[in-house]
Each structure stands twice: as C-alpha cells, then as structure tokens.
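The following note collects points on selected side-chain interactions and their surroundings. Please read it alongside the sequence and structure shown here.

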Amino acid sequence: MDLNTITAVARPKARSELPVWAAGDAWLGGGTWLFSEPQAHLNRLIDLAELKWPALTIDAKGLSISATCTIAELDAMTGPPDWLAAPLIGQCCRAFLASFKIWKTATVGGNLCMSLPAGPMISLTSALDGVCTVWQADGGERKIAVSDFVTGNQTNVLKPGDLLRQIDIPLAALKRRSAFRQMSLTPVGRSAALLIGSIAHDGSFTLTVTAATKRPLKLSFAQLPGVADLRDAILQTIPDALYHDDIHGKPFWRKHMTLRLAAEIRDELVE
Amino acid sequence: MKFQINGKSFSQAPRAGQCLRTFLRELGHFGVKKGCDAGDCGACTVLLDGEPVHSCLIPAFRAEGHTVTTIEGFGSEAAIHPMQQAFVDHDGFQCGYCTPGQIMSAVACVREGHAGNEADIREYMSGNLCRCAAYPNIVAAVLQGKTAMKGA
C-alpha cells in the first residue's frame, strides 16, 4: 500500500553513507511487511537494497546469510553434501506462510526482525546456532545468538538505529543430523509449533522450540535423552506462560504439540 | 528517474512512499488491480524483471532501472497471450477483477516450472484469491495455458 507519510528515501551504497538515525525512520529490506500495513509514524525509508550485500557466503567457517537475502535465494542454495542439516533450509522456507511471489521479496533479516513466534527463519537460524551481527547506530557492532536476539512476540534486542547485517551459521551446526516437525491448524497455515532437533558428532542433542513459544528456546543435552527425561526437561524449561496464544493455537494445545513433536524428533534421531 | 513498463519508457518520478501498484495505475496501467493492499490477494501481481511480485508491496522507486510487465504487456487485441486465451476458453473468472493478477501469476508459475500438475498449480496459485471461487476453471486454464505456452 502507499505509505503516504513518507516524504524521503535514503539509498546508501555503503555503511559510511547510512544517514543518522532519527525518529520516523525505518530500514527498508524486502518491504513485504512495511508496505502491508499503514505506517503513519514513519516519514523516511532507508533502503538497504543499494548496499548490495551478497545474499549468501559459504566459506570454511560455515554459511553467512545477509539480512537482505530473500527466502527464494536461501531456498535455492545448494550446500556441500556433508551439510546434513541442509534439508532444514527448505523445510523452514516451506513453513513460511507466503506465496512464491512473497518468497522473492521477503528477506531472512526481515523475518528475524519482525520477531513473530512463527517466524520460520528464526526457527532455522536459532536451531543452527546462528549468530547475528548487528550494526549499531554509533558505528560499532555486536554479535548475539539468534536464540537471544528474539525476546518475545514481536520484540527483540534491537535498539533504535540498530541494523541487522547478517546471520552466521557455524559449519559444525550444518553438519549435524537433524529432524524437523511443524504443526499448524491448516495445511499451509501459520506454524503453531515448529521444533527442530539435532545431534552433533559428539552425540550431544539440541532441541529448539519455536512458534509454540513467544520466543525461541533451546534445550541442550550431553546425549540423546530418554523419552521421560526429554518430556521432563521441556516441562521444567518452558513455563506455561511462555506458550504463545493467538488465533493460530491455544497455549495448552501448543504445549501438547511441543511435547508430542519433541518425542517424534527424538524417535527419529535415535534410529 | 526512468522506468521501462511494457517496453515503453516513462520518466515520471513516483512519490517517496508510493507503492508500485499505484504508480503503475497513475501511468494508465489499469489492469493492475487494487485488492487487499497488503500482499494477500495477488490482484496487483506484475512481473518485475520477469519475476512475479505483489506490486502493492514494492516501493515504486525500486522499479527504476528494471523492466515491469503488466497484463497490458501481454499480447494484443489481435493476438492475445496463450494464457489469456486459456482463461477465456475455460471461463477462468466470473467478475474478472482478480483475472489480470491470476494470469500474471499463472504465466510465472508455468515459466518457473511450478505447474507440473493440478496440486502444484493449486499450491503455487494459492497466493491469488478469487472471491467468485472460479478455482476449478482457473486450474484447467493454467493447464491449457502451460501446454499452449510450450507451443508458442
């Protein structure tokens, strides 16, 4: 839709050209959310497209995903064959409640910064031990784990003027054996629970719970836990108040599905 | 600013927060429809460098230097696009309001290989809503259009 209060657009080509952040500014990534709702409080867009960040970079450390990487670009990526966790990328892209047209425009960074519980890029990058690089308004930068980046339903650690630059996925996480489960009230509906489990080469097990909860939660175990131990750990780690409540699922159902899907993941990975 | 729309050059500048849909309509491309205004219905679908996008979600200034194709850019009155003909043949519409967006998405769907079978078509065309519920006919049209586009 037209954003009629916008009076100016900045199109920086380098970090040094980023304008001084002011009230009424907004970063423009893909724009799929920004242009889908009235933004009467905004008067300037700072377009990130001209920074021309490379969408994806693969090196010896792992995978770097630019904040402006689109869902379509991420889904089209082909990783090395020893990236056993690579199927998670396609699975999480398909957990995105969006048409193939939206895939071409919406960005990974936008999904993180929206910080919706059902954000599938949050699920993916937190499960893969992703680390966010944040450019600060004062010229500095800081790094923070994706699982700590999102703090609640549509809340995160970004301060005014902070800009999410990229998410780095370590190679070790990409080489883990993984299992994915997702549940929603309708076949292609918004996720009500999205869980990812993975086993590292040393046998340690990590379960990432998203969508069911207001923010991502990671449970770590030295080895694959038994059925009862896994259930107890979830019950102890996730208080009832942390289960999300909206039209896409009641908290008690999300809790039930979390326990069930976690058990399924465990059963898949024990084989 | 210069824009290439359906093969023609335009030099008007859009307003800062104007979306591509409004800009295109103000330039006379009324086949680009305003529907939900939020990226849900697909009525405003156009091709940007050949890729389908919801023009209501695209800032107009970002189309500068890129090619835009609207429904008016497909075929002519004398020789309409094979997908347009398929929608006519199968009555892939009732009121017709969503039809330009349906056809734009259908063409992209075929070009990108997402129209392998009915299930594929239903999934990939799910971002285009038809309040008249002409969906069975739309699916049949896309299947015919796919075949016809191969021969075109």
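1. Asp89(B) belongs to helix H2 of chain B, residues 82-89; helices (H or I, at least four residues) and strands (E, at least two) are DSSP runs, numbered from the N terminus. With a relative accessibility of 44%, Asp89(B) is partly exposed; buried means under 20% relative accessible area, exposed over 50%, and partly exposed in between (1.4 Å probe, protein chains only).

2. This is a predicted model, in which local features need pLDDT of at least 70 and side-chain atom pairs count only at pLDDT 80 or more, whereas totals for chains, interfaces and linings use all residues. Residues are numbered from 1 along each chain as its sequence is written, chains are lettered from A and ligands numbered from 1 in the order in which they are written, and side-chain values use heavy atoms, with hydrogens and water left out.

3. Which side chain does the side chain of Asp89(B) contact? The partner is Gln144(B), in a polar contact of 2.9 Å. A polar contact is a pair of N or O atoms within 3.5 Å; within protein, one must be able to donate a hydrogen and the other to accept it, and residues adjacent in sequence count only if both atoms are side-chain atoms.

4. Over all chains, 22 salt bridges are counted, a salt bridge being a side-chain nitrogen of Lys or Arg within 4 Å of a carboxyl oxygen of Asp or Glu. One of them pairs Arg44(A) with Asp25(A) at 2.6 Å, N to O. This pair links distant parts of the chain, 19 residues apart: Arg44(A) is in strand S3 (residues 44-47) and Asp25(A) in strand S2 (residues 25-28), both of chain A. Asp25(A) is buried, at 7% relative accessible area.

5. Arg142(A) and Asp162(A) form a salt bridge at 2.9 Å, N to O. Arg142(A) lies in strand S7 (residues 141-145) of chain A and Asp162(A) in the loop between strand S9 (155-156) and strand S10 (163-170), so the pair ties together parts 20 residues apart in sequence. Arg142(A) is partly exposed at 21% relative accessibility, whereas Asp162(A) is buried at 6%.

6. In the salt bridge between Glu268(A) and Arg181(A), the closest N and O atoms are 2.8 Å apart. Glu268(A) is in helix H9 (residues 251-270) of chain A and Arg181(A) in strand S11 (residues 177-183) of chain A, so parts 87 residues apart in sequence are tied together. Glu268(A) is partly exposed, at 32% relative accessibility.
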